[in-house]
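Please look over the sequence and the model shown here before reading the report, and keep both at hand while working through the sections.

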2 protein chains.
Amino acid sequence: MHHTPKDQDPETVKNHPPSPAYPTRTSRRGFLRQSALAGGALLFLAPRSRAADAGPAPAGPENETLKTIHRLHTTHGNFRDQPLPEDALRTILRACVRAAGASNNQSYSIVVVRDPARMKQLCGYAGPCLLLFCADYNRMKASAAALGYDYQPGTVVDFVNASINTLLVVQTAVIAARSLGVDSLLTNGVHRGDIERHWKLLDLPATHCFPLIALVLGYADREPPHRTGRLEGVGIVHEERYHHLTREEVADIMRQYDDKERHLGLNTDWDTQGYAHYLDWYFKAWVGRNLKPGTQETQMLRLLKRSGFIEAQPG
Amino acid sequence: MHHTPKDQDPETVKNHPPSPAYPTRTSRRGFLRQSALAGGALLFLAPRSRAADAGPAPAGPENETLKTIHRLHTTHGNFRDQPLPEDALRTILRACVRAAGASNNQSYSIVVVRDPARMKQLCGYAGPCLLLFCADYNRMKASAAALGYDYQPGTVVDFVNASINTLLVVQTAVIAARSLGVDSLLTNGVHRGDIERHWKLLDLPATHCFPLIALVLGYADREPPHRTGRLEGVGIVHEERYHHLTREEVADIMRQYDDKERHLGLNTDWDTQGYAHYLDWYFKAWVGRNLKPGTQETQMLRLLKRSGFIEAQPG
């Protein structure tokens, strides 16, 4: 079902037409429903909506890094047909590994993919360049084996540690890219469909390597119309101990989602679709299939076990 | 065993003496062995070691954000007795939530802890301020319940998605802090010892909330003597497909770790301790206890199950 397009020049993306390799608006909406991580955009932010969006005006010193962070936004697949300069890619890669990591063991791998057909198979999107970030102990395993040790990181703790190390690198890459004017799309589309395709397409090691997230890098063909909002206070930040929400606070959060100028939601037409609240749409139409507790083993859990990342179960 | 110091003013850290609440150098070395995420420091970087460290000189445009990223380094508990200004904390919190997240559902919570005794109980370190980052669906669950939905994110996929969302926020906080001159310590010490203490100390929700990592913020009492190195090429970055290391490449990686000027390791006295290679020390003395595959259920897996983050196993 998934074929590796070995015969395709990885560099063809540079001269590739925007379609059909890059998703059309229609198809990307399909993928968006499934897998895009929603970002925000600072652009076209009218003073009125800014006040509504951001709560109190930013306090404390402003600097270029903070401005870069507040300019983060997700490009939903609408990348221009403009290559990512090799220098920019290398700058991003060199920066991202500076993230801290447990024991400095760098338990991750970054697969750089330039073949747009392969990108679409991997995550449903394509652009000038894709970075697939994997939790990965195989470099360490090979070093241990060379020294005569049988290193088998075999528990969920190892998986969580490697995932932490990996994701810190991922976000550093996103911020480094933004600072260079490079747009990005983070997508967990890697976990949709048959996850096993990653092993087949990329020849991933059978154990102790697990694909976590894809980052597509490039240049957007248009600027986003608004910045996606974020909840910032109650329900997100807890002071000294966990604060369990009161009924009134839950109602207030619901109101915040319903305030279209906050741009907290994935759409703004939930009301015309017949829903009383955005979150009503969200829980019924968006995550409706997940409303029941998981009673069957997911493919991810099966593959985590096969990858050696879940320890033996008690008998 | 773990008591919540309810009677202690959360603000006392501001006037708190550096010890005994903050770890001494001796005690922090103990914790460092266990739980600190190794960062790097750009300071005191001699030209010779820079060439050795970084490979080719940085290419492409330099900017303040990239400089901030390359200045990232971990403070191993040696925080000065200087409070974190409230403005800086709020700026960091406002910035970090700008990270992208799946469906913009913000499936995380950030517990701000200022009581140094509690910090030490949580992660083994203390400083002016600690942020505990948890994967957390409880805000969404409460909203769903208010609308009559029974939202139970019950699979490992939900845990991984929330972990991704959370860690992207974490690293954004680290970089925002660095840009403000705020030093930081990321530690997975939260997963050492009895992990259940977090629920007791912080009143975390019984299900669908899991502590992932702690970030201690403050000001270091000294600058680090060198920048921790990183592997950057073969074994980390793979081109188009996964590259399985050759024997010679493994030997080269071993040599890179043995080159003390690269600062890839956690120590530089492995040879005087009688080890032929740094990685020999690493696998034997550091991760020796993990050299066997996990055959027993870890507390983390048990608590992930209890938290509703592992779906039912096939019978």
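## The contact between chain A and chain B

In this predicted model, chain B brings 140 residues to the contact and chain A brings 140 residues. The size of an interface is often given as the accessible area lost when the parts come together. Here the area buried between chain B and chain A is about 11,900 Å², and carbon and sulfur atoms account for 60% of that area. On the side of chain B, R98(B), E240(B) and Y242(B) together supply 8% of the area that this chain buries against chain A, which is more than any other three residues supply.

## Polar and charged pairs across the interface

In chain B, helix α7 (residues 156-179) gives the most to the side that touches chain A, contributing 14 residues. Sorted by class, that side of chain B consists of 74 nonpolar, 40 polar and 26 charged residues.

Six salt bridges are found across the interface of chain B and chain A. One of them joins the side chains of R114(A) and E239(B), with a distance of 3.0 Å from N to O.

## Strands that pair between the chains

Strand pairing also links the two chains, for strand β3 (residues 108-113) of chain A and strand β7 (residues 237-239) of chain B run parallel and are paired over three bridges. Within this pairing, V111(A) stands opposite H238(B) of β7(B).

## Paired strands within chain B

Strand β6 (residues 209-218) of chain B is mostly covered, with ten of its ten residues buried, and it has antiparallel pairings with two strands that are described here. Eight bridges connect β6(B) with strand β4 (residues 129-136) of chain B; in this pairing L131(B) lies opposite L215(B), and F133(B) lies opposite I213(B). Five bridges connect β6(B) with strand β5 (residues 183-187) of chain B, where L185(B) has V216(B) as its bridge partner.

Strand β4(B) is likewise mostly covered, eight of its eight residues being buried. Both of its faces are covered, with C129(B), L131(B), F133(B) and A135(B) buried on one side and L130(B), L132(B), C134(B) and D136(B) buried on the other. Besides its pairing with β6(B), β4(B) pairs in the antiparallel sense with strand β3 (residues 108-113) of chain B over six bridges, and in that pairing C134(B) is the bridge partner of S109(B).

Notes
Residues are numbered from 1 along each chain as its sequence is written. Chains are lettered from A and ligands numbered from 1 in the order in which they are written. This is a predicted model: local features need pLDDT of at least 70, side-chain atom pairs count only at pLDDT 80 or more; totals for chains, interfaces and linings use all residues. Side-chain values use heavy atoms; hydrogens and water are left out. Contact means heavy atoms within 4.5 Å. Buried area is the accessible area (1.4 Å probe) that two parts lose on being put together, summed over both. A salt bridge is a side-chain nitrogen of Lys or Arg within 4 Å of a carboxyl oxygen of Asp or Glu. Helices (H or I, at least four residues) and strands (E, at least two) are DSSP runs, numbered from the N terminus. Ala, Val, Leu, Ile, Met, Phe, Trp, Tyr, Cys and Pro count as nonpolar, Asp, Glu, Lys and Arg as charged, and the others, Gly among them, as polar. Two strands pair if DSSP finds at least two bridges between them. Buried means under 20% relative accessible area, exposed over 50%, partly exposed in between (1.4 Å probe, protein chains only).
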